[in-house]
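My plan is to look things up one by one and note what I find.

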Amino acid sequence: MSRFRLLPTPEQEEALLAHCRDARYVWNLAVEQQHWQPGRKAPGYLEQAAQLTEARAEYGWLRAGSQTVQQQALRDFAQAMGNFFAGTHRRPTWRKAGVHEGFRQVAVKPHHVERLNRRFGRVWVPKVGWVRFRRSRPVPEGVKSYRVTRDRAGRWHIAFAHVPDPVCGPGDCSVVGIDRGVAVSVALFTGELLHAPGVTPGESKRLKVLQQRLARCKRGSNRRARTKLAIAKLKAREADRRKDWVEKATTDIARRFDTIRIEALDVRAMTRTAGGTVEQPGVRVAHKRGLNRAISRSGWGLLAARLQHKAYGRVEQIPAAYTSQRCSACGHVSPGTRKSQAAFECEACTAGRCNADVNAARNIAAGRAVTARGDLAGRRSANREPQLTAPAA
């Protein structure tokens with residue numbers, strides 16, 4: 001996807017918001033029809049398209065919207081249900097106003113995307129007209145569809161569907177191990193420590209003040225809306241910095257190394273809430289919530305996904321078990337080797353003294369995916385003295 005900043009006029013923004021409302025309304029109706037009821041079968045795409053035609057003939061406000069935008073929402077929902085039944089994605093859920101603002105347009109003609117000058121271009125949107133966008137880089141050739149979205153900070157974006165070419169490696173059979181953490185976002189086996197950028201101290205202080213103000217605002221008031229918008233702008237700035245850092249870091253890693261080995265982490269399961277239920281409440285919920293936020297700020301999932309895209313076929317998943325407790329020099333495994341968050345000191349040799357994250361990255365680079373029990377058992381059997389036994393009769 002090639003993403004650009006969209007620059008609509010106030011009149012065009014109202015028309016784009018209407019497209020977003022229509023697409024969200026059609027999507028939510030399709031979600032409601034998927035809820036199981038006794039004796040009723042959920043309709044498919046063709047039946048839903050026929051129902052949409054009848055609804056447009058009956059309701060003028062729905063007929064005033066773009067038919068292609070509404071039909072594409074049904075196609076997207078059908079594709080989402082297909083992905084869910086295939087086991088690759090979660091079940092599609094409701095879309096909420098102010099959160100899921102966007103629509104998709106397909107069958108884009110070549111003359112529907114034009115370049116105005118070095119800085120700006122324009123795209124044709126049905127029932128909106130020509131809308132300018134910031135041309136931060138060349139638009140890919142032969143695009144067939146695009147998606148228009150609006151984030152919580154009120155910014156409009158357009159993303160053209162395009163599969164970029166993978167980044168070529170150096171071709172020297174080099175291998176890199178990557179350890180992902182919270183204090184250090186990314187540690188390479190070469191000793192490099194990379195930190196994901198966040199908010200500045202001044203922005204962090206202002207964010208805290210805005211959150212306290214939001215807690216005192218009355219729901220539905222204009223002051224609350226302004227405060228939420230200010231918080232969203234700070235959050236969007238932090239997310240933009242993190243995405244920019246991930247893009248630059250993954251491109252650099254994909255260009256420098258042929259084989260990339262990372263931990264096989266289920267980030268979605270690791271960031272689940274520990275709240276529990278009313279009958280069985282969770283333990284240390286506040287600590288777990290802070291850990292979940294720190295993991296999200298480090299960009300673990302986005303880093304792995306972008307590496308898979310840029311270094312296609314060159315990324316290997318290594319089990320993460322005991323990579324932080326194993327000495328990369330001698331192979332000794334013990335929980336006592338972690339003297340602190342950053343210090344690793346092997347109990348069996350003097351060579352295993354280094355940064356704990358770098359030591360884990362070296363184990364990942366070596367592909368050491370053995371369990372501690374199996375490794376210890378192997379060393380015990382190797383150190384055990386041979387015993388004489390009588391041959392079986």
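**Entry 1: the sheet**

How many bridges join β1 to β5, and do the two run parallel or antiparallel? I looked, and three bridges join these antiparallel strands. Before going on, I note that the model is predicted: local features need pLDDT of at least 70, side-chain atom pairs count only at pLDDT 80 or more, and totals for chains, interfaces and linings use all residues. Residues are numbered from 1 along each chain as its sequence is written, and side-chain values use heavy atoms, with hydrogens and water left out.

My terms for this entry come from DSSP. Helices (H or I, at least four residues) and strands (E, at least two) are DSSP runs, numbered from the N terminus. Two strands pair if DSSP finds at least two bridges between them.

I traced the strand order next. Seven strands make an open sheet, ordered β2-β6-β7-β1-β5-β4-β3, with antiparallel pairing. β2 and β3 (113–115) are the edge strands, since each pairs on one side only. From one strand to the next, the twist averages 30 degrees. For such angles, axes are lines fitted to C-alpha atoms, for helices over the stretch in contact, and angles run from 0 to 180 degrees between N-to-C directions. I also found R5 opposite R134, which is in β5.

**Entry 2: helices on the sheet**

Which strands does α1 lie across? I listed β1, β2, β4, β5, β6 and β7, and α1 runs at about 85 degrees to β2. α4 packs on the sheet as well, touching β2 and β6. Its direction makes about 95 degrees with that of β2. Contact here means heavy atoms within 4.5 Å.

**Entry 3: the cores**

I then looked for nonpolar cores. A nonpolar core is a set of buried Ala, Val, Leu, Ile, Met, Phe, Trp, Tyr and Cys residues joined through side-chain atoms within 4.5 Å. Buried means under 20% relative accessible area, exposed over 50%, and partly exposed in between (1.4 Å probe, protein chains only).

The largest core has 33 residues. L6, V123, F133, I158 and F160 have the most contacts inside it. Several elements supply at least two residues each, among them β1 (2–7), α4 (67–86), β4 (120–125) and β5 (129–134). α1 gives the most, eight residues. Another core of 18 residues lies apart from this one, and I178, W245, I260 and A311 are among its members. In soluble globular proteins, nonpolar side chains tend to be buried together.

**Entry 4: loop residues**

I stopped at R137, in the loop between β5 and β6. R137 counts as partly exposed because its relative accessibility is 35%. Leaving out residues up to four places away in sequence, R137 touches S2, R3 and F4. R137 and R3 are 134 residues apart in sequence, yet 9.4 Å apart in space, C-alpha to C-alpha. The R137 side chain also makes a polar contact with the side chain of S136, at 3.4 Å. A polar contact is a pair of N or O atoms within 3.5 Å; within protein, one must be able to donate a hydrogen and the other to accept it, and residues adjacent in sequence count only if both atoms are side-chain atoms.

K127, in the loop between β4 and β5, has phi near 60 degrees. R284, between α7 (267–270) and α8 (285–298), has phi near 55 degrees. K127 is exposed because its relative accessibility is 56%.

**Entry 5: helix α10**

Is α10 (residues 356–366) mostly covered or mostly open? I found it mostly covered, with nine of its eleven residues buried. Among them are A356, V358 and I364. N355 caps the N-terminal end of α10, where a side-chain oxygen lies 2.8 Å from the backbone nitrogen of D357.

**Entry 6: cysteines**

Last, I looked for disulfides (pairs of cysteine sulfur atoms within 2.5 Å). The count is zero. C349 is in none, and its nearest cysteine sulfur, in C330, is 3.5 Å away. C354 counts as partly exposed because its relative accessibility is 21%.
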